[in-house]
Amino acid sequence: MALLSTIWGATWGRLVTRHFSHAARRGERPGGEELSRLLLDDLVPTSRLELLFGLSPCLLALRAARRSVARLLLQAGKAGLQGERAELLRMAEARDIPVLRPRRQKLDTMCRYQVHQGVCMEVSPLRPRPWSAAGEASPGDDPQQLWLVLEGIQDPRNFGAVLRSAHFLGVDKIITSRRNSCPLTPVVSKASAGAMEVMDVFSTDDLTGFLQTKAQQGWLVAGTVGCSRAEDPQSSEIPITSCLEFLWDRPTLLVLGNEGSGLSQEVQASCQLLLTILPRRQLPPGLESLNVSVAAGILLHSICSQWKGFPTEGERRQLLQDLQEPSARSERLSVAQHPGLSSGSEKERQNES
């Protein structure tokens, strides 16, 4: 039975690919009538693949070309495709990727009712690379290097949100602990708005050893701690400072811990400094901490705002003015010039999170 499914899947893939190749040679617009004539719901299950879902994750995965793609699934029901969905179709045609048009109910079931935006792909999994592949970065190369180190982040949506903030704010590399950490799943990719598809994520079995090695090389290892522990000077012998008072003057590793327990004792002992986010009011028990992805965004922004290439106050005002004036002159600082701001269509990315 498995052999029959494999043969049928391969045969169907060749038929669909040939169908689109003929359409392309006839010069027809991607997503036109040719798309509407494809058979529906002829989806044969595939093994050792995972289902990536969402417009941005699928589009960025195709652009990055780091995954093997078995099939692109576009929701049936529309005669034509525009914008980024049409780009998806063109890229699939160029790479001879079979394109199928299942109904929404089928996609809902396949995605376990996640928000897929009518776009899914069957792809090979992504795996974190060993941290030794990250390459040696000397502190003298750039005093404002920033690596984000994650110990035991287990919730895929937290992980994805952290990756999205890190990519937005210009973090150079991501290092995760291999043990007790969330893998690079499609849910992580969707929560990251596809940032996972273009970022290099590394992992290590010995996070403590990694931190100690980088400290010996001249990097600052800055851990994080909740405000309740920051108020107790007896809780740690490591200096604790507000993130607003932190001076970023040398290459830094920012270390975030598990959602519930924070940093392990071994990892915290390897830190030279602990950063905290101070609240503006007295907090009742149970509200003394922030969600890890929210904390990551605040901490990273407080550090990266010191980056020498970060927009000044005047440049930020100009960016906002340009966003409000579509006819702004081209010589002004454009949104696309800033690595954290996207020039893509917001309408195409609706329901992204």
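Okay, ground rules. This is a predicted model, where local features need pLDDT of at least 70, side-chain atom pairs count only at pLDDT 80 or more, and totals for chains, interfaces and linings use all residues. Residues are numbered from 1 along each chain as its sequence is written, and side-chain values use heavy atoms, with hydrogens and water left out.

So, the overall picture. The protein has 13 helices and twelve strands; those are DSSP runs numbered from the N terminus, H or I of at least four residues for helices and E of at least two for strands. Of the 353 residues, 46% are buried. Buried means under 20% relative accessible area, exposed means over 50%, and partly exposed is in between, using a 1.4 Å probe and protein chains only. Take contacts between residues at least 6 apart in sequence: 84% of them join residues at least 24 apart. Contact here means heavy atoms within 4.5 Å.

Let's look at helix α12, residues 292–304. Ten of its 13 residues are buried, so α12 is largely enclosed by the rest of the structure. What does the covering? Among others, β6, α6, β9, β11 and β12.

Together with Leu290 and Val294, Ile298 makes a nonpolar surface patch of about 230 Å². For patches, we take residues with over 30% relative accessible area and no salt bridge, joining like charges within 9 Å and nonpolar side chains (Val, Leu, Ile, Met, Phe, Trp, Tyr) within 5 Å. The areas come from the Shrake-Rupley method with a 1.4 Å probe, and for residues only the protein chains shown count as cover.

Trp248 sits in the loop between β10 and β11 and is buried, at 6%. Its contacts beyond four places in sequence include Pro143, Leu146, Ile303 and Trp307.

Now the charges. Side chains of opposite charge can pair when their charged atoms come close. There are eight salt bridges in the structure, each a side-chain nitrogen of Lys or Arg within 4 Å of a carboxyl oxygen of Asp or Glu. One of them joins Arg63 and Glu87 at 3.0 Å, N to O. Arg63 is in α3 and Glu87 in α4, so the pair ties together parts that are 24 residues apart in sequence.

Which residues share partners in one network? Glu50, Arg67 and Glu197. Glu197 and Arg67 meet at 2.9 Å. Glu197 lies in α8 and Arg67 in the loop between α3 and β2, so this bridge links parts that are 130 residues apart in sequence. Both Glu197 and Arg67 are buried. Glu50, in strand β1, counts as buried as well, at 18%. Its side chain makes a 2.8 Å polar contact with the side chain of Arg67. By polar contact I mean N or O atoms within 3.5 Å; within protein, one must be able to donate a hydrogen and the other to accept it, and residues adjacent in sequence count only if both atoms are side-chain atoms.
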